[in-house]
Amino acid sequence: MVFNEKDNLVKLMNYREDLEIKLQKVTLAIQEVVEDVYITDQEKQRMIAKLIDFKDAIISKGMELNIELEAA
């Protein structure tokens, strides 16, 4: 199967949008953890560390594909 440049551009744009949405969701999740008064600081730190790792992975994937993501 051969894809033309237009198809590749559309796929790249869709992938960019997908990565940006994931980045926004992780950023919102971090904010929710920070604001949660029902979990301990130690739990917050653990959860935030995992979310930051996930955020870094999303950014890294964007860089790998030469996709500039909008800062969230």
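Mentor: One cut-off is needed at the start. Buried means under 20% relative accessible area, exposed means over 50%, and partly exposed lies in between. Keep in mind that this is a predicted model.

Now the salt bridges. The structure holds three. Start in helix α2, with Lys61 and Glu64. Their side chains meet in a salt bridge, at 3.4 Å from N to O. The two residues are three apart in α2, so about one helical turn separates them. Lys61 has a relative accessible area of 30%, so it counts as partly exposed. Glu64 reaches 57%, which means it is exposed.

Move to helix α1. Asp18 and Lys22 pair up there through their side chains, again with a value of 3.4 Å, N to O. Both lie in α1, four residues apart, or about one turn of the helix. Asp18 is partly exposed at 33% relative accessibility. Lys22 is partly exposed as well, at 36%.

Arg16 and Glu20 make another salt bridge, at 3.3 Å, N to O. They are four residues apart in α1, so about one helical turn lies between them. Arg16 is partly exposed, at 31% relative accessibility. Glu20 has a relative accessible area of 14%, so it is buried.

Next, the nonpolar side. In soluble globular proteins, nonpolar side chains tend to be buried together. The largest nonpolar core here has 11 residues: Leu19, Leu23, Val26, Ile30, Val33, Ile39, Ile48, Leu51, Ile58, Ile67 and Leu69. The most come from α1, with five residues.

Setting aside neighbours within four places in sequence, its contacts are Leu19, Lys22, Leu23, Val26 and Leu69. Lys22 is on that list, and Lys22 is also the partner of Asp18.

Now follow the chain past α2 (41-64). Leu65 lies in the segment after α2. At 33% relative accessibility it counts as partly exposed. Leu65 forms a nonpolar surface patch with Leu12 and Tyr15, and together the three have about 230 Å² of accessible area. At 73% relative accessibility, Asn66 is exposed.

Finally, the whole chain. The protein chain has two helices and zero strands. Its radius of gyration is 16 Å, well over the 11 Å that the globule rule gives for 72 residues, so the chain is more spread out than a compact globule. The C-alpha trace spans about 55 × 20 × 15 Å along its principal axes. Buried residues make up 21% of the 72 residues; Glu20 is buried at 14% relative accessible area. The accessible surface comes to about 6000 Å². Carbon and sulfur atoms hold 56% of that surface. As for contacts, take those between residues at least 6 apart in sequence: 65% of them join residues at least 24 apart.

Terms used
Residues numbered from 1 in each chain as written. Predicted model: local features only at pLDDT ≥ 70, side-chain atom pairs only at ≥ 80, totals over all residues. Heavy atoms only, no water. Buried < 20%, exposed > 50% of the residue type's maximum accessible area, 1.4 Å probe, protein only. Patch = residues over 30% accessible without salt bridge, like charges linked within 9 Å, V, L, I, M, F, W, Y side chains within 5 Å. Areas by Shrake-Rupley, 256 points an atom, 1.4 Å probe, with all protein chains shown as cover. Salt bridge = Lys/Arg side-chain N within 4 Å of Asp/Glu carboxyl O. Rg over C-alpha atoms; globule rule 2.2 N^0.38 Å. Contact = heavy atoms within 4.5 Å. Core = buried A, V, L, I, M, F, W, Y, C linked by side-chain atoms within 4.5 Å.
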